[in-house]
Amino acid sequence: MLVAELFGEARHHAKWRELSSDEEAAAVAALRELAGGRADLLAEVCGIFEGASEGRHDEPLARQAARLCRLAGADETLIPAWIEEDRRRAEAARKPPYRYL
């Protein structure tokens with residue numbers, strides 16, 4: 001449940017433009033507070049944004065949301081594994097249902 005909340009919070013703060021320093025600081029503070037020291041969950045959310053958004057129309061927003069998670073203290077060592085996992089999930093979601101194969 002907390003991952004979903006963090007995802008929504010990061011996405012809420014991401015904009016189609018560069019954030020002002022005040023906006024960025026507010027977003028990072030909100031994510032840190034919500035995460036409650038769970039750098040692993042911030043890494044998971046970061047990986048979701050980076051892995052599942054590649055090539056999509058909203059990739060710039062996802063990249064900015066991922067950056068906010070990193071600034072909020074995401075565990076950098078866990079992010080690559082989550083990126084790969086969410087690339088895999090995105091690929092699986094693009095496949096037709098089994099009965100149509």
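Q: At roughly what angle do the axes of helix α3 and helix α5 cross, and is α3 oblique or parallel to α5?
A: Helix α3 spans residues 39–52 and helix α5 spans residues 79–94, and their axes come within 7 Å. The crossing is at roughly 45°. Because angles under 35 degrees count as roughly parallel and 65 to 115 as roughly perpendicular, the crossing at roughly 45° makes α3 oblique to α5.

Q: Is the crossing in which α3 passes α5 left-handed or right-handed, and how do the residues of the contact divide into nonpolar, polar and charged?
A: α3 passes α5 in a right-handed crossing. On the α3 side the contact is made by A43, E44, C46, G47, I48, E50, G51 and A52, while α5 contributes I79, W82, I83, D86, R87 and A90. These residues divide into 8 nonpolar, 2 polar and 4 charged.

Q: Is E24 buried, partly exposed or exposed?
A: E24 is found in helix α2, which covers residues 21–35, and its relative accessibility is 23%. Because buried means under 20% and exposed over 50%, E24 counts as partly exposed.

Q: Which residue has a side chain joined to that of E24 by a polar contact?
A: Not counting residues up to four places away in sequence, E24 touches L19, R67, L68 and L71. A polar contact of 2.5 Å joins the side chain of E24 to that of R67.

Q: What separation lies between the C-alpha atoms of E24 and P97?
A: E24 and P97 are 73 residues apart along the chain. In the predicted model, their C-alpha atoms are separated by 41 Å.

How values were computed
Residues numbered from 1 in each chain as written. Predicted model: local features only at pLDDT ≥ 70, side-chain atom pairs only at ≥ 80, totals over all residues. Heavy atoms only, no water. Axes fitted to C-alpha atoms, helices over the stretch in contact; angles between N-to-C directions. Helix = DSSP H or I, 4+ residues; strand = E, 2+ residues; numbered from the N terminus. Parallel < 35°, antiparallel > 145°, perpendicular 65-115°, else oblique. Left-handed = near helix turned anticlockwise from the far one by under 90°. Contact = heavy atoms within 4.5 Å. Nonpolar A, V, L, I, M, F, W, Y, C, P; charged D, E, K, R; others polar. Buried < 20%, exposed > 50% of the residue type's maximum accessible area, 1.4 Å probe, protein only. Polar contact = N/O pair within 3.5 Å; in protein donor to acceptor, adjacent residues only side chain to side chain.
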